[in-house]
Amino acid sequence: MTQSQTTRWGLIGASTIAHEWVIGAIRATGGEIVCVMSTNAERGRAYAADHGIAKAVTRLEALVGDPEIDAVYISTTNELHRDQAIAAARAGKHILCEKPLATSLPDARAMVKAAKEAGVVMATNHHLRNAATHRAMRDAIASGRIGTPLSARVFHAVYLPPHLQGWRLERPEAGGGVILDITVHDADTLRFVLDDDPVEAIAFSHQGGMARAGLEDAVMGVLRFRSGVIAQFHDGFTTKYAETGLEVHGSSGSLIGRNVMSQRAIGTVTLHDADGEHELPLDHANLYETALAAFHAAIAGKGQPSATGEDGIWSLATGLAVVEAARSGAAVKIEPGL
């Protein structure tokens, strides 16, 4: 496909996130959506009609086998991602997959391997690294404005609204719980901002009355990075009135991000150093449109996606280490196996 051609998309999953964010981002960056797959035929037809999508199918084979489709967006529940991504790769379709990539590291690695073998682009939909706030923080750290990074804190405890609850609170086998839903975002954002990899996790999880079936709806913990940076995180589904934030503290300054762990293009970043406080200039833009623009460019051979499949493996490895640390009460090494 040449750069001048429109990328034609199939949606694997008639999901809320596609409805709220990704369909608009695909179209805003020049893509066309030609088909949606839902195993519920009635839901699929209604979803297609509501979103102006020409075709709705109920079988994965019908979607990935469609010669009119160049790329797929996978937003089904997490335990389904592996087989769907591998089928898409073998059919020659480029892949944008929701996080976490899978519910196990062998499955995630198999997905990335299949995409490489097929020569297709594979990306993980880690939207937060596309935020102007986080890019400004990354640039400030890289240019030495806070000296040597020493520590970080992430505040990502939010309230999960009723229309998003369901399997996230009820189905361990689908990768439910706050850790694989939110902590993986913390891990990816910290990797991006710090340009560093986490190597060890400790954590305590909590059930605050929302999660069932042995799942956690809140977690606190600490990640240790290769460089020695330690990063505290607090994630939750039950926190109705808190702000989100990301702080990075260095040997000669601190970066304070407020309302930055958000799907929306909002938030501020303030640099605190010996000269006082300085609010960093930000060029806010839709996070998903930024991601889709990079994905379309990668398909055209220009650069790579905002978050690759390998990035998705790193965040999953971190999330699974946090799950095990919370279960065992011990420090757990983070080993993506890349």
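Is Gly 10 buried or exposed? With a relative accessibility of 0%, Gly 10 counts as buried, where buried means under 20% relative accessible area, exposed means over 50% and partly exposed lies in between (1.4 Å probe, protein chains only). The structure is a predicted model, in which local features need pLDDT of at least 70 and side-chain atom pairs count only at pLDDT 80 or more, while totals for chains, interfaces and linings use all residues. Residues are numbered from 1 along each chain as its sequence is written, and side-chain values use heavy atoms, with hydrogens and water left out.

The overall form of the protein comes first. The protein has ten helices and 15 strands; helices (H or I, at least four residues) and strands (E, at least two) are DSSP runs, numbered from the N terminus. Its C-alpha atoms fill a box of roughly 60 × 45 × 35 Å, taken along the principal axes. The radius of gyration is 20 Å, which agrees with the value near 20 Å that a compact globule of 338 residues would have. That radius is taken over C-alpha atoms, and the globule rule is 2.2 Å times the number of residues to the power 0.38.

Of the 338 residues in the protein, 54% are buried. Contact means heavy atoms within 4.5 Å; among contacts between residues at least 6 apart in sequence, 67% join residues at least 24 apart. The protein exposes about 14100 Å², and carbon and sulfur atoms supply 49% of this area. Accessible areas come from the Shrake-Rupley method with a 1.4 Å probe, and for residues only the protein chains shown count as cover. There are 30 positive and 38 negative side chains, and the centres of the two sets lie 4 Å apart. In this count Lys and Arg are positive and Asp and Glu negative, with His and the chain ends not counted; the place of a charge is NZ of Lys, CZ of Arg, CG of Asp or CD of Glu.

The chain is assigned two domains, domain 1 (8–126) and domain 2 (128–288 + 317–333), with bounds that come from an automatic or database domain assignment. Their C-alpha centres lie 26 Å apart. Across the boundary, 16 residues of domain 1 are in contact with 21 residues of domain 2.

Thr 7 counts as buried because its relative accessibility is 5%. Its C-alpha atom is separated by 47 Å from that of Gly 329, 322 residues apart along the chain. Strand E1 itself contains Gly 10. Leaving aside residues up to four places away in sequence, Gly 10 touches Cys 35, Leu 63, Ile 69, Ala 71, Val 72 and Tyr 73. The C-alpha atoms of Gly 10 and Ile 74, 64 residues apart along the chain, are separated by 8.8 Å.

Helix H2 (residues 41–51) holds Arg 45, which is exposed, with a relative accessible area of 55%. Arg 45 and Asp 235 are 190 residues apart in sequence and 36 Å apart in space, C-alpha to C-alpha.

Some backbone features deserve attention. A cis peptide bond joins Lys 99 and Pro 100, with omega about -20°. Pro 100 is found in the loop between strand E5 (94–97) and helix H5 (105–118). Asp 195 is not a glycine, yet has a positive phi of about 55°. This residue lies in the loop between helix H8 (178–194) and strand E8 (198–206), and its relative accessibility of 61% makes it exposed. Asn 259, also not a glycine, has a positive phi of about 55°. Asn 259 is placed in the loop between strand E12 (253–258) and strand E13 (268–273); at 29% relative accessibility, Asn 259 counts as partly exposed.

Strand E8 includes Ile 202, which counts as partly exposed because its relative accessibility is 43%. Not counting residues up to four places away in sequence, Ile 202 touches Met 220, Gly 221, Val 222, Phe 233, Ala 325 and Ala 331. The C-alpha atoms of Ile 202 and Met 220, 18 residues apart along the chain, are separated by 8.6 Å.
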